[in-house]
Every structure is written in C-alpha cells, then in structure tokens.
Amino acid sequence: MPQKTVGDGTRTGALATAPAEAPSHRWWILAVIAVAQLMVVLDATIVNIALPSAQADLGFSDGNRQWIVTAYALAFASLLLLGGRIADLFGRKPAFLVGIVGFAAASALGGAANGFTMLVVARALQGAFGALLAPAALSLLNTTFTDARERARAFSVYGAIAGAGGAVGLLPGGVLTDALDWRWTLYVNVVIAVVAFVGGWVLLGSHRDAADAKLDVPGTVLVAAGLFSVVYGFSNAETHDWGSPLTWGFLIAGGLLLAAFAWWQTRAAHPLLPLRILLDRDRGASFIAVLLTGAGMFGVFLFLTYYLQLNLGFSPTKTGVAFLPMVGALMVAAQVGTTVLMPRIGPKAVIPLGFAIATAGMAWLTGIDLGSSYPSAVLLQVIVIGVGLGLVMPPAMQLATGGVAAEDAGVASATVNAMQQGGGSIGTALLNTLAASAPTDYPAGHNPASRQGQAQATIESYTTAFWWSAVLFGAGTVIAFLLYRRGVPQQNADAAPVVHM
C-alpha cells in the first residue's frame, strides 16, 4: 500500500483512521468563526481608509498618524501566543467570547474617542482582545472539523477570509466614511460582535484540552517582549530610518529575546510554544509561507490603494469596489486549492504554484504609468494575484494547524496569526522604505519639481514596492518547493479530536 504522510509528520502504510463523529451543527460553528475572524481582519484596513477623516476631526499630526495602526499591531502581535495558550488552558469558548466582548468594547471606545490618546488606547485594546479572539477562533475550527474533505472546505473559507479580508475592509471602510462618519468604521464592529457572540454562546461547548498544564510565565514575558520589540523596530523604520537606534536597537533586542524564548522552551516544564509544533517540516514550511504572504500582500493593498485614489482619482468607496475582483478570484482559488488540488497533488505542487502565479501578477502590475487606466493596467493583474494568494494562504493555514495535539491547537493557531501579523509589519517597514527611496533615483533629465515629474516619481515608488512584493512571492515559490514533503498529507484523526459540544 502506498505510503501517506500524516499530520504529525510521520509516515504510515495506511490511511489515517476515520475521524470521530463531528457535531451536527459544525457548519453553523464555521459561520460564527468566520464572522468573528472577519471582524478582526476587516479592522486592519477598514480603519486605515478612514484615517484622513479621523485626523482632520481629532487634529493629530502626520507624525502621530502611524500610531493608530501601530498600536493595534504591537498589542496584537506581542500577545498572540499568550492568547493562544489561554484558549488551550482555560477553554476555547470562554476565550472566544471574552475576546469578542473585549474587541467590541474597545471598538466602541475608539468610535467615541475625543482625542488622539483615547483613540490610540482603544486601538491597543482592540489588538489585545484580538490576540485572544483570533487563535481561539482558528483552534476551534481546527478541532471541530476532522473529516479531511470537510476540513479542507472549512479552511478554504477561513483562509479566504484571512487572505482577502484586508481588501474587503476597504469597501465598507469607504462606504461608512463617505456616507456616515469615520467613527462608524469602529462602531460597526459592535454590530458584528453581537452576531458572533450570540452564535458562539449557543453553539460552542466548554472544553479544555490542556487543563492540567500551567502557564509558562517566563516564556510569556520573553516572547511578548521579543515580538513587541521586533514589531516596534520595524514600525520605527517607517518614521525614522534603518540607521536609527530606535530601529536597529529594538530589532536586535527583539531577536535576542526571541532566541532566549526558544532556549527556554527546551527547558520549561510547561512550554508556552512546544517546539514540536515548529519542527514538523510541512508545518514549518507553512509558517514561512504565511509570513511571506503577509509581507508581500502589503504591496498590493497599501500602494495600490494610493495609486487608485491619488493617481486615478477613485473615491474610498470606488477603491473598495476595485479590489472586489481580486477578492472573488482569491475565494474561488481557495476552494479549488484546498478541496480539489491539495487532496490530489499535495502542497509541494499547490503552494509553490500559488506563489509563482502571485509573483507573475505582481510583476505584471509594475506596468502602471501615468496614462494607465484601471481596466488596462490593474483589473486582470489583481485577478491573477488573487488566484495566486488563494492557492497559498488557505492550504498553508490548514497545514500549519493540522495534526497538532488538541492541547496545542490554540498556540499553533496563535503562531499562524503571529506569522501573518509579523509578515505585515515587516512588509510595512521594508516596502515603505524602499518605495520612499525610489523617487531619489528618478532618471536625470526629468524635472522632479514639475507636476508631471512629481506624478511620475510617485508611480516609480509604487512600482518599486510591487517589484519587491514580487521578490517576496518569488522567494516563497523556491522555499515552499524545497521544504514541503512530496505526497498528500493525511490528517491523523487522533491528533486533534473534535471539541465536545
């Protein structure tokens, strides 16, 4: 009998045993999880598009504007592993519900902000409760669906939301800002949270898979401080430069703290992040794939938004609509990738193929110029990018959390979210820095002070970011092909049993 690869990385001569009977309302659970995840992902961009209006209303400076985004990223990234472990130790349902209520309350606080400080505090609280909610949601998905075919379908939905949610957020963000007020980009979370909370309260059951374990306090402090330092260092690269001590100092400190955390995990009696989660070859490759996708996607969302609004004159609402073809392509590719291609040819073919398609789409997008239009220079390109990302993100998320022991599901899910958030932070700093330096290399013979020269310089900065995003996706193509095992992974049903409902 041909060998198959089970989720924990071992080889077996037979298929994994049939999964335990899944709850009859599992698809309703998926709907609740999807709504909660959409709320968290939307918030990454729905607020960004309203920033100019918020800045004009509250009167904060351009220099302070980045903290509306950075406060969320710092809290979310630094507390993710703690949030995932809390879900394992104290139960996924309580973690999920507390995360929803806290996120909604923080959103209401931000919507009612009467000044810069209040808005920043609210965004940090959103990040903290998001760090509890996101891994609880993903681990619930991982432990609810154990049938291979149904699990692939569930992860295709979840992965599509995680990958396309940022682009989807541009549309409601634009509509709410244009039709109502920037504050409604925060208040809308309260409405979404009510739906998710009621669904979670009714459908989810209380269950703890790591009830006998204890919280690794030294590991929590080390990893929270390390992730905070890394994200803060990359954020400082946007407003300072790479030579500033606030950039390289925090990056070095973060690297040392994370190295100390890795050392401690080999000695802790109850490690926060058991290294067995990281050392599986397919899972490690999936973490890297999520990291690179998060970094490269930034080039699509941010700089294409700039191009559409500043160069093509799109309104915030029209900009959101312009991203919908990419979202549609991503969702279709997510279904095909996880339910059709992965069960037949495995990740070693599917995920590198997705990266290669995304690379081609990003390279094609660099053809924009002053005379370009959306139909001729953007539409087909973003569809290609959406297809590529749809073949990468959902399968990678499925493999990154598949096959882990149930007591580790929360922290494995948190690691996936940390990779995506870390990738976004790295992409923000790296691509912003490279894009900002591009106009200085503008060819001699053009007048940079003229209106046309300034417009061409901005185009140069966008295409530079697109090229480097293509490089990141290209690196993902090579790394994924080298690291993933051959064959079709089969989930070990005993590795992540169904949540007791």
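At what angle do helix H4 and helix H7 pack, and how far apart are their axes? I will come to that pair in a moment, after a word on what we are looking at.

This is a predicted model. The protein chain has 501 residues, and 56% of them are buried. Its secondary structure consists of 18 helices and three strands. If we take the contacts in the chain with a separation of 6 or more, 84% of them are between residues 24 or more positions apart.

Now the opening question. H4 covers residues 92-111 and H7 covers residues 184-203; they pack at an angle of about 160 degrees, with their axes 8 Å apart. Angles over 145 degrees count as roughly antiparallel, so H4 is roughly antiparallel to H7. Their crossing is left-handed. On the H4 side, the residues making the contact include Phe96, Leu97, Ile100, Val101 and Phe103. On the H7 side, among them are Leu186, Tyr187, Val190, Phe197 and Trp201. Glycines take part too, including Gly110 and Gly111 of H4 and Gly200 of H7. Sorted by type, the residues of this contact are 14 nonpolar, five polar and one charged. Lys93 of H4 is one of the contact residues, and lysine counts as charged.

The second pair is H13 and H14. Helix H13 spans residues 324-345, and its axis comes within 7 Å of the axis of H14, crossing at roughly 130 degrees. The two helices are therefore oblique to each other. Which residues make this contact? From H13 they are Leu341, Met342 and Ile345, and from H14 they are Pro347, Ala349 and Val350. By type, that contact has six nonpolar residues, no polar and no charged.

Last, confidence. The mean pLDDT of the protein chain is 77, and 77% of its residues reach 70 or more. Where is confidence highest, and where is it lowest? Helix H14, residues 347-365, is highest at 93, while strand E2, residues 11-12, is lowest at a mean of 36. Two stretches need a caution. Over residues 1-21 the pLDDT is below 50, though beyond near neighbours in sequence this stretch has 51 contacts in the model. Residues 492-501 also have pLDDT below 50, and that stretch has 45 such contacts. Where pLDDT is low, the predicted coordinates should not be read in detail.

To recap, H4 and H7 are roughly antiparallel, and H13 and H14 are oblique to each other. That is all from me.

Methods:
Residues numbered from 1 in each chain as written. Predicted model: local features only at pLDDT ≥ 70, side-chain atom pairs only at ≥ 80, totals over all residues. Heavy atoms only, no water. Axes fitted to C-alpha atoms, helices over the stretch in contact; angles between N-to-C directions. Helix = DSSP H or I, 4+ residues; strand = E, 2+ residues; numbered from the N terminus. Parallel < 35°, antiparallel > 145°, perpendicular 65-115°, else oblique. Left-handed = near helix turned anticlockwise from the far one by under 90°. Contact = heavy atoms within 4.5 Å. pLDDT = per-residue confidence, 0-100. Buried < 20%, exposed > 50% of the residue type's maximum accessible area, 1.4 Å probe, protein only.
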